[in-house]
Amino acid sequence: MNCPDNMLDLKHSLAEKYLKNAEDYRLVLITLGNIICGIGESLQDGYEQIAPTVWVHKSAEIAKTAFIGERVIIGAGTKVRHCAFIRGNAIIGDGCVVGNSTEIKNSVLFDGVQTPHFNYIGDSILGYRAHLGAGAITSNVRSDKGIIKAGNAETDDVYSFKKLGALVGDFSEIGCNAVLNPGCVVGKNSIVYPLSSVRGVVPSDSIYKNERTIVKRVER
């Protein structure tokens, strides 16, 4: 897999077994709708089925103005705020925040993910306690509408996607109004500066200042 090792703690997602068995985590996104229905039918422990393919934990807080489409799971203690737009095909873990005017489509949010203000998350996977600053988005379509390649360029394990957003590791911080371009990867515990346009792979434990300046993150 063309991404940093151990960037996701899979136990923090209901999709754990599917991610674990995938040759590349992002391949799960291709059949995410079917995966959600399979998981939903086996959910217990406080989940309610509020529509034919929508399961929401009783402790989740859903604003009356929020929209929830088909094939959605929302975990315990998660807050879905005013005018959030969950279009469909979304697994949103425990203790997450989906904020004002945030849109989510065909994505997996691990436990503790925060997308609190004006974010777009499409065809993406956000790891445990990842955080998107206000206005940060995952771009999931190339400007030329071309095919997005993902996988390991040094082997034959390269996959083609028409739509593919970002893979963001656990504890990573994405700054305000940053754009994660199609197919990019941000490793675990990394920081992306505000207003950045990120392509390719950002290693784990890094600070992305711009495409020429990626430095090691040092804990203080």
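**View 1. Overall fold of the chain.** The chain contains two helices and 24 strands, where helices (H or I, at least four residues) and strands (E, at least two) are DSSP runs numbered from the N terminus. The model is predicted: local features need pLDDT of at least 70, side-chain atom pairs count only at pLDDT 80 or more, and totals for chains, interfaces and linings use all residues. Residues are numbered from 1 along each chain as its sequence is written, and side-chain values use heavy atoms, with hydrogens and water left out. Along the principal axes, the C-alpha atoms fill a box of roughly 50 × 35 × 35 Å.

View 2. Of the 220 residues in the chain, 52% are buried, meaning under 20% relative accessible area with a 1.4 Å probe, protein chains only. Among contacts (heavy atoms within 4.5 Å) between residues at least 6 apart in sequence, 30% join residues at least 24 apart.

View 3. Helix α2 (residues 32-40) is largely enclosed by the rest of the structure, because seven of its nine residues are buried. The buried positions in α2 are Leu32, Gly33, Ile35, Ile36, Cys37, Ile39 and Gly40. Their cover includes α1 (16-21), together with the strands β2 (54-57), β4 (67-74), β6 (85-92) and β8 (103-109).

**View 4. Surface and charged side chains.** The chain exposes about 10500 Å², of which carbon and sulfur atoms supply 48%; accessible areas come from the Shrake-Rupley method with a 1.4 Å probe. There are 24 positive and 23 negative side chains, with Lys and Arg counted as positive, Asp and Glu as negative, and His and the chain ends not counted. The centres of the two sets lie 6 Å apart, each charge being placed at NZ of Lys, CZ of Arg, CG of Asp or CD of Glu.

Technical notes: Buried means under 20% relative accessible area, exposed over 50%, partly exposed in between (1.4 Å probe, protein chains only).
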